[in-house]
Amino acid sequence: MSSKARVGVLISGRGSNMMALADAAARGAPYELALVASDRPEAAGLAWAREQGLATFALSPRGIGKAAYEEAMDAALRGAAVEVIALAGYMRLLSDAFVARWRGRILNIHPSLLPKYKGLDTHGRAIAAGDMVAGCSVHLVTEELDGGEVLGQAEVPVLPGDDAETLAARVLAREHELYPQVLSRFVTR
Ligand code: GRF
């Protein structure tokens with residue numbers, strides 16, 4: 001491939017998965033981060049992205065409404081010639097219209113072995129269920145929350161004495177490996 005795939009990363013918080021994606025890009029992955037966008041202008045990950053010299057977009061839907069917010073974000077993504085969107089700790093549900101506009105081109109990382117534990121508190125639920133194995137999934141985004149085709153998964157053991165926090169840390173380390181791998185495969189498919 002002569003040019004790298006242009007990826008837009010959507011974050012809401014600390015952005016450690018976005019950092020892992022950026023890191024892999026810097027080490028030669030077949031994509032580049034064309035835009036880091038956030039629905040929370042104060043997101044820590046956004047400050048990091050700016051420091052790295054990455055293009056950023058920040059806008060809160062508060063006050064303007066979801067439709068106008070998504071319209072502006074869509075324009076920013078298109079303006080940056082983004083081809084693939086990677087959700088990385090993006091805590092807002094995308095509208096059906098937005099998903100339809102980018103169909104088949106939005107990925108998400110979710111901290112469970114889908115189809116188990118869609119939604120929030122995945123680690124607490126895995127521990128409460130007595131699971132011996134937990135993990136993370138990268139999947140295509142559809143209108144159904146955490147419901148699109150699974151593109152890759154990684155497993156970790158649940159250890160005696162784990163709480164949601166210790167398990168989350170173990171899973172997160174695997175997320176940082178899995179997401180760049182799956183995204184690299186996806187953009188060269
Ligand atoms: C990760 O656990 C991710 O799987 C989930 O939210 C968390 C985001 O963490 N969707 P970070 O912002 O990437 O550090």
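A pocket here is an open set of grid points, on a 1 Å grid over the protein atoms alone, with protein on both sides within 12 Å along at least five of seven lines. The largest pocket of this predicted model holds about 880 Å³ of space. The ligand takes up space in that pocket. A separate search, for cavities, finds one of 30 Å³ or more in the whole structure.

**The largest pocket**

- The lining of the largest pocket counts 37 residues.
- G89, Y90, M91, I109 and P111 are the lining residues nearest the pocket centre.
- Two or more lining residues come from each of α1, α4 (96–101), β5, α5 and α6 (164–187).
- α6 contributes the most to this lining, with four residues.
- By class, the pocket lining splits into 15 nonpolar, 14 polar and eight charged residues.

**The ligand and its shell**

- The space the ligand takes is the largest pocket.
- α1 (16–26) and β5 (106–110) are the elements that give two or more residues to the shell around the ligand.
- R14, G15, S16, N17, G89, I109, H110, P111 and E175 surround the ligand.
- This shell has five polar, two nonpolar and two charged residues.

- The side chain of S16 places an N or O atom 2.5 Å from an oxygen atom of the ligand.
- For the side chain of E175, an N or O atom is 2.7 Å from a ligand oxygen.
- G15 takes part through its backbone, where an N or O atom lies 2.9 Å from an oxygen atom of the ligand.
- On its own the ligand would expose 370 Å², and the protein buries 85% of that area.

**The largest cavity**

- The volume of the largest cavity is about 60 Å³.
- Its lining consists of P111, S112, L113, K116, Y117, T122, H123, A126, D131, V133, A134 and G135.
- The cavity lining has six nonpolar, four polar and two charged residues.

**Where the sites share parts**

- P111 belongs to the shell around the ligand and also lines the largest cavity.
- P111 is also among the residues nearest the centre of the largest pocket.
- G89 and I109 surround the ligand along with other residues, and both are among those nearest the pocket centre.

Notes: Residues are numbered from 1 along each chain as its sequence is written. This is a predicted model: local features need pLDDT of at least 70, side-chain atom pairs count only at pLDDT 80 or more; totals for chains, interfaces and linings use all residues. Side-chain values use heavy atoms; hydrogens and water are left out. On a 1 Å grid over the protein atoms alone, a cavity is a set of points where a 1.4 Å probe fits but cannot get out, and a pocket is an open set with protein on both sides within 12 Å along at least five of seven lines; lining residues have an atom within 4 Å of a point. Grid points are joined across faces, edges and corners, and a volume is the space filled by probe spheres set on the points. Ala, Val, Leu, Ile, Met, Phe, Trp, Tyr, Cys and Pro count as nonpolar, Asp, Glu, Lys and Arg as charged, and the others, Gly among them, as polar. A residue is near a molecule or strand if one of its heavy atoms lies within 4 Å of it. A polar contact is a pair of N or O atoms within 3.5 Å; within protein, one must be able to donate a hydrogen and the other to accept it, and residues adjacent in sequence count only if both atoms are side-chain atoms. Accessible areas come from the Shrake-Rupley method with a 1.4 Å probe; for residues, only the protein chains shown count as cover. A molecule sits in a cavity or pocket if more than half of its atoms lie within 2 Å of its grid points.
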